[in-house]
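Please open the structure in your viewer and keep the selection panel at hand. The tour goes from one pair of chains to the other.

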There are 4 protein chains.
Amino acid sequence: MRYAYLGPEGTFTEAAVASLGLAAEVRPVPYPSIGAALTAVRAGEAERAVVPMESSVEGIVTATVDDLSAGNGLRIHGETRLPIAFALLARSGTALADVKTVGGHPQAQAQCRQWLAAHLPNAEWVAQASNGEAARQVAEGRLDAALAGEFAAGKYGVCVLAADVHDNRNAVTRFVVVAPEAVASPAPTRADRTSVAAFLRGGDHPGALMEILTEFAVRGVNLSTIQSRPTGDRLGSYYFFIDCEGHIRDARVGEAMMGLRRVCGEVRFLGSYPRRDGGGTHVRPGTSDPEFAAAARWLADLRLQVRA
Amino acid sequence: MRYAYLGPEGTFTEAAVASLGLAAEVRPVPYPSIGAALTAVRAGEAERAVVPMESSVEGIVTATVDDLSAGNGLRIHGETRLPIAFALLARSGTALADVKTVGGHPQAQAQCRQWLAAHLPNAEWVAQASNGEAARQVAEGRLDAALAGEFAAGKYGVCVLAADVHDNRNAVTRFVVVAPEAVASPAPTRADRTSVAAFLRGGDHPGALMEILTEFAVRGVNLSTIQSRPTGDRLGSYYFFIDCEGHIRDARVGEAMMGLRRVCGEVRFLGSYPRRDGGGTHVRPGTSDPEFAAAARWLADLRLQVRA
Amino acid sequence: MRYAYLGPEGTFTEAAVASLGLAAEVRPVPYPSIGAALTAVRAGEAERAVVPMESSVEGIVTATVDDLSAGNGLRIHGETRLPIAFALLARSGTALADVKTVGGHPQAQAQCRQWLAAHLPNAEWVAQASNGEAARQVAEGRLDAALAGEFAAGKYGVCVLAADVHDNRNAVTRFVVVAPEAVASPAPTRADRTSVAAFLRGGDHPGALMEILTEFAVRGVNLSTIQSRPTGDRLGSYYFFIDCEGHIRDARVGEAMMGLRRVCGEVRFLGSYPRRDGGGTHVRPGTSDPEFAAAARWLADLRLQVRA
Amino acid sequence: MRYAYLGPEGTFTEAAVASLGLAAEVRPVPYPSIGAALTAVRAGEAERAVVPMESSVEGIVTATVDDLSAGNGLRIHGETRLPIAFALLARSGTALADVKTVGGHPQAQAQCRQWLAAHLPNAEWVAQASNGEAARQVAEGRLDAALAGEFAAGKYGVCVLAADVHDNRNAVTRFVVVAPEAVASPAPTRADRTSVAAFLRGGDHPGALMEILTEFAVRGVNLSTIQSRPTGDRLGSYYFFIDCEGHIRDARVGEAMMGLRRVCGEVRFLGSYPRRDGGGTHVRPGTSDPEFAAAARWLADLRLQVRA
């Protein structure tokens, strides 16, 4: 079983794959971009993809969210979370004073801004497609230093010049595991998450936002994330990426999804899967599966009576 | 077929029965009170009852609403509306100056307050169980005058001393036709009304009110009336009497009713029936029966997929 | 100082006046109706009026609410609550079997319905303007029995034939003390109530209801009562009678009132006064007077800056 | 007067500065990043900065929004909009088949993805800090081609190899003009926009979102944008960047801002300025300045009365 991931080796995404505790027969395969990893699953080159979804520093990862929301045959099957800790990697023998160029993914720069300003104020930043790529270029002598996870040092034969160079001690990134939509989704547990993309009919963004929030609220479904993303059509035209508590097979989630479907131009279901942040599903009184079933039986009986 | 109505002969309710345009075989039977007319249907003495439900001057008729909401086996099957015009009835030869006592139902007094103050400021008001009863007492010489509809004059052999003595030119009363719950309800038209009584779980009246309004609003079901009534248990304990647009067999009304059922302690369905005020059912985009059905199919397909 | 009350002597309203613990120089003066008692204050015949406002059995007292809401120069200055216990009063020597006619205020009949059905199923009910009046007619031999408070027996020289004949053990009535609007209102305490009548612009009753509830909710003002009443203009035209927590001088109540004023056709302030049900004012975080004042200073500073 | 802008020469931001129609004495000064341009104003090196704020393709420009929201002494004073049209620039004599490397800002790649896939499927993408920088590297022979506006060709002495290579015909970017907060803001017009950053107290993102939307909605203030951005503290901790219709000096905007201030941990006002998208401010009945003033006078009068 092949797991496509945002490579190359030495990226946080590879560490995320490792954290999944997969069986021996799983083979991680690096891809040069999020889009490439997802395309590999779509094309049948890989059975699963692991890509970053949301960072506590930079917010949702738009490449992932936009690709999945485009609705092309993939579903989220799981998630994992990884604390993000950066190190400054360099060739053996390099001193901090020798570093004239530093490379890494743009997010690495964003997450280490203060450290760079304090310790390498004059070094030139050279954006790279990934931190692993930056480490590779250090190994090849094309960059003096790279921002990457410590685990990348061994992979590329370079050294840790400085550890824990990230500004925020609590930085965490959430990764998702993606499968073709033909594969059955994980069954409900008591702590699931459902991801969905909702495309508005017209352009009334804030009014629609209130309407969408109400569809969830009235059925007691808590949202954990709602983010608007441009559809690209025109300034101010958006779709919403939504994470809510619960599973598509839960009655209250199902009714909320139907409500969403009726008020939106299009709704794309992106998956129901166990959450991995330690939280459970909050069920407000009146919104459990048995209460939905009891209300449905009551209505069915009434409707039978009135036709009697 | 017997129609129990709030009698005696000569009341507005009798005029309401007449306005129904019933077949020749229908026999109106007067009863001394709203409760007695409804009890007659429950007991099988009559097949239908016609009772007042709401007045443009005094609001909902609490005796009717409370009796139906008590949930004892009756359903509303229809409605009719009647303009309310009062006359002052007296024995032939009576002049206005001769009138020392005036009788009628307390609502008659309420609706003719200004005229009485202007023309009979010193007459004693004698409350009666009905306007018809007041007219009868005039005929028998026990009262000098009665407030009643002009049609009562002929029934009791008295004269119209003054016509149109009501303060409000536009006064209208809505009457309902009630049947045993075992009788099939009228089928949906495009202009129906559904009546329901919703009993709260706890005592949080205004919070519950917002919750109830939202259950209807999110499914695009317009309310035409919502009134709180004391349950009698304690000060501030209420139930809600609700009239909404549409029929229990409409998808959006059904889902709203299920939502109401889940957030309330108890919900009593009082009937779905054609409305007679000239209005139709407003259907907000996204809330028609086909749209509900399409959303349900979409969800069912999704759920099949995720189990595939 | 004269206190007009809904008389005659022997009514629950007289007992409510007594419960106020007024000074010796206060003189209670009975009036034949709620309207007459209120008119007495308006006309300067009395300094205060005490009238029933809400019953746990019958709901709001529409004569009081409609009169105050008509906006004719009165304000509520206080409230009191009285448990309602009925007795059957008769002349000395009367046995239950002798009772052919029973009188009282229509609410008395409503509150003793079960007892009457069980013990006097064949007695004729004779509606009276008040329970005190019914007791007086018993004393004069014109009625066999009256429903009234036990305290009425002594006033009219009749006996208690049966005590505690009311169906509901917890029946309570709330009375209000009313003064001319030129008299200063009670200062804020930490447990006040504010009463207001809100008249809609158009006829959209349920939509307006949601809008009104939101004006209070967004400022964290809890409602204890909201009741719609017909304006009398036409079927379905209503105004809202509202009791909310807090005092007109509280910042959050003031802003809610201004909001109400802007969305309604007319708003009539009926008074702010200490509540007497043992409850206090709930203040949601962000809605205290200091928080309103801090936000106002912040905005004023910002506006100064942008003009700088 | 110096205008710092996101340089170098030849970027869309420079074109945005030109579109402002500024006087001859204005001198545009390029800066290497959005942060550097904003810092220049803060440091007094420039009087104004022009930076991109929102793109119809990629959404809000997080570097701009996060920097302004950090609350460090800047205010938005104006906006401008520019259609975004990309060309492929190359040295004279270069044919499409010769292009092995293409450079540009990452957003350029995002906006020309389809064209690149169709016409240069095998070219290597080399991310640059700006499109102008990419054009410069083409001129210096370090890149074969650059994605940039046509206007950059003249600046760098290169040629337009292909025009209109962007995927979306309607791509527009909105730029803002930023000034130190000590400078007076533009006075209200009838078509203003107000930008604000709202930081939540706790972590309840979707609940807070509903609360924030309601604070605006109840005062009839339309939102044109609301976006959540991570605060960087932890996964799921967000602030909201909000654009609403109207000016801080409008009564309804002021009251909404005070409401926001009370429900949020912190609110940062980012500026009120004329909008440049052709739209005007929608004023719902009941929310105009005169209506706010009338309600305030009404309340003040009432409060005087109750103290009389």
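A polar contact is a pair of N or O atoms within 3.5 Å; within protein, one must be able to donate a hydrogen and the other to accept it, and residues adjacent in sequence count only if both atoms are side-chain atoms. Select chain C and chain D: between them there are 12 residue pairs in polar contact, both residues at pLDDT 80 or more.

This is a predicted model, in which local features need pLDDT of at least 70 and side-chain atom pairs count only at pLDDT 80 or more, while totals for chains, interfaces and linings use all residues. Residues are numbered from 1 along each chain as its sequence is written, chains are lettered from A in the order in which they are written, and side-chain values use heavy atoms, leaving out hydrogens and water.

**Stop 1: chains C and D**

Stay with this pair and show E255(C) and R219(D). They form a salt bridge (a side-chain nitrogen of Lys or Arg within 4 Å of a carboxyl oxygen of Asp or Glu), with the closest N and O atoms 2.5 Å apart. The count between chain C and chain D is 2 salt bridges.

Next, colour helix 10 (289-307) of chain C. Helix 10 gives the most to the side of chain C that touches chain D, with 11 residues. Helices here are DSSP runs of H or I with at least four residues, and strands are runs of E with at least two, numbered from the N terminus.

**Stop 2: chains A and B**

Now select chain A and chain B. Contact (heavy atoms within 4.5 Å) involves 35 residues of chain A and 35 residues of chain B. The two chains bury about 3,500 Å² between them, 58% of it on carbon and sulfur atoms. Buried area is the accessible area (1.4 Å probe) that two parts lose on being put together, summed over both. Highlight R262(A), W298(A) and V306(A): in chain A they lose the most area to chain B, together 21% of what that side buries.

Which residue of chain B forms a salt bridge with R219(A)? The partner is E255(B), and the closest N and O atoms are 2.6 Å apart.

**Stop 3: the axis**

A rotation of 180° with 0.0 Å of shift along its axis superposes chain A on chain B, with RMSD 0.1 Å. That is the relation of a two-fold axis. Centre on V218(A), whose C-alpha is the nearest to the axis in chain A, 3.8 Å from it. Superposition is by least squares on the C-alpha atoms of residues with pLDDT of at least 70 in both copies.

**Stop 4: across the pairs**

Finally, show chain A with chain C. No contact joins them, and their closest C-alpha atoms lie 14 Å apart.
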